[in-house]
Amino acid sequence: MPSPLPTVEDRLIHSQPSWVIANDEVELAITKLGAHMAPVTFFRTGKRPVRPYYISPWQDENVCVPAPVLGPLRGDFFCLPFGGNAKSFRGEKHPPHGEACGNPWSLEGCESRGRVVTLKLDFETSARPGRIRRELSLVEGNNVVYSRTLVTGFAGPAPISHHAILAVPQRERTMLCSCSPFWRGCTYPVDFGSPAVGEYQSLAPGKTFRDLAKVPSIFRGRPAEDCTAFPTRPGFCDLVQVFERPAKRKSNCLSWVTVVNTEEGWLWFALKDSRQMPGRTFWMENRGRHNPPWNGRNACLGIEDGCMYFDLGLVESCETKPDARIPEALNPVGRTS
C-alpha cells in the first residue's frame, strides 16, 4: 500500500510558480506552466551540490515572448508535437513544441512507496484531444530523476521529444558531450539562422556526418567543427540530429548520452529506448540570436531525445517527402502514430 502523501511545496522560482519535491539526495522543481523541470539540485546535502539544468536569462524580466514555450523556458520538458509547427496539419494548429509546454498543468498527486517518491502531473490537449501524464520519481540513495511520460488519446501521427537543456560554463571547451553509436548524423536541412533577423549559424546546411567531432562548417576552407565540446563558436546557434537504427531486440534498445562539466566536476546522463525514440537533436546555442528575448546573451546545450524530423514540426515530420539522407526505415513519418 502507498505510504502517506509526501510534501509537495509551492514555490515561486525565477518568476514561475512551481511544485517542489525532495529527498535527501535530490530537490526537484517543475513549473506549473508548461511542466518545465528546473532547477534540480543533486547531491543537495553534500559539500558541492550540482545544478546542471539551464534557466533562460529573461525569466525575471517582464518580456513578451513570441511563443508560449519560451515563457517558462528551462530544464527539461515534454513536447507533443515536437517542433516549430508553423504549418497547420489536417486542420490542426499546434503552437511550437505543442500546447503542453506553454500552458498550465494539473497536480494529480504525489505518492511514496518505500524508497520512491513520485510526483504526478496531467495535461489535457485541445488542438487534438488527448491527455499527457508526467511522472517524476526520486529514489533514496540515487542522484537520479526517473521520468515516465504517458500519452492517451491524441490519435494520429506526431513527432515527440523530451527537451532537456543544460547550462554551459563560461570557459570554452569545459563541457564535453558523448553519446552511444549512431547510424548517421545530419545538419539542419535548411538554413537554421537568418542574419536578417539577427540569427547566425556556423554549420553547413544539408550535410551528413558520422562523428560529432567532425561536422561540416558553413565557412569555406574551415576545418570541420567539433560538436562534442562546449561552449565553442561564440556568436552562433546551430542544431544537428543523429539517427539510430531501431533495435530489433529489447536487449539492444538502450541509447545513452553523457555530458561532463570538467570545470564543476560532474557528469549528467540520460537514457532512452531507441525503438521508440530513434532520434536525438543537439541544440547548440552560444549567443547566436539577437532578436528578443534572446538578445545575444543566451548560451545553453539542448539534448532532445525523441522521434522527429529535426525541430521543424508536425507537417515536416509526418507529411513531407522523406529526407534523402535518411533511409525510409529511420524516417519519423508515421512512426509515432
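## Lining of the largest cavity

In this predicted model, the largest cavity is lined by V168, F230, P231, T232, R233, F236, D238, M284, E285, N286 and C300, a cavity being a set of points on a 1 Å grid over the protein atoms alone where a 1.4 Å probe fits but cannot get out, with lining residues having an atom within 4 Å of a point. Its volume is about 70 Å³, taken as the space filled by probe spheres set on points that are joined across faces, edges and corners.

The strands β15 (236-243) and β18 (279-286) each supply at least two residues of this lining, and β18 gives the largest share, three residues; strands are DSSP runs of E with at least two residues, numbered from the N terminus. The lining comprises six nonpolar, two polar and three charged residues, where Ala, Val, Leu, Ile, Met, Phe, Trp, Tyr, Cys and Pro count as nonpolar, Asp, Glu, Lys and Arg as charged, and the others, Gly among them, as polar.

## The second cavity

T187, Y188, F192, Q201, L203, A204, P205, D238 and L239 form its lining, which divides into six nonpolar, two polar and one charged.

## A67

A67 lies in the loop between β4 (37-41) and β5 (76-79), and it counts as buried because its relative accessibility is 9%, the cut-off for buried being under 20% relative accessible area with a 1.4 Å probe and protein chains only.

## Basis of the values

Residues are numbered from 1 along each chain as its sequence is written. Local features need pLDDT of at least 70 and side-chain atom pairs count only at pLDDT 80 or more, while totals for chains, interfaces and linings use all residues, and side-chain values use heavy atoms, with hydrogens and water left out.

Technical notes. On a 1 Å grid over the protein atoms alone, a cavity is a set of points where a 1.4 Å probe fits but cannot get out, and a pocket is an open set with protein on both sides within 12 Å along at least five of seven lines; lining residues have an atom within 4 Å of a point. Helices (H or I, at least four residues) and strands (E, at least two) are DSSP runs, numbered from the N terminus. Buried means under 20% relative accessible area, exposed over 50%, partly exposed in between (1.4 Å probe, protein chains only).
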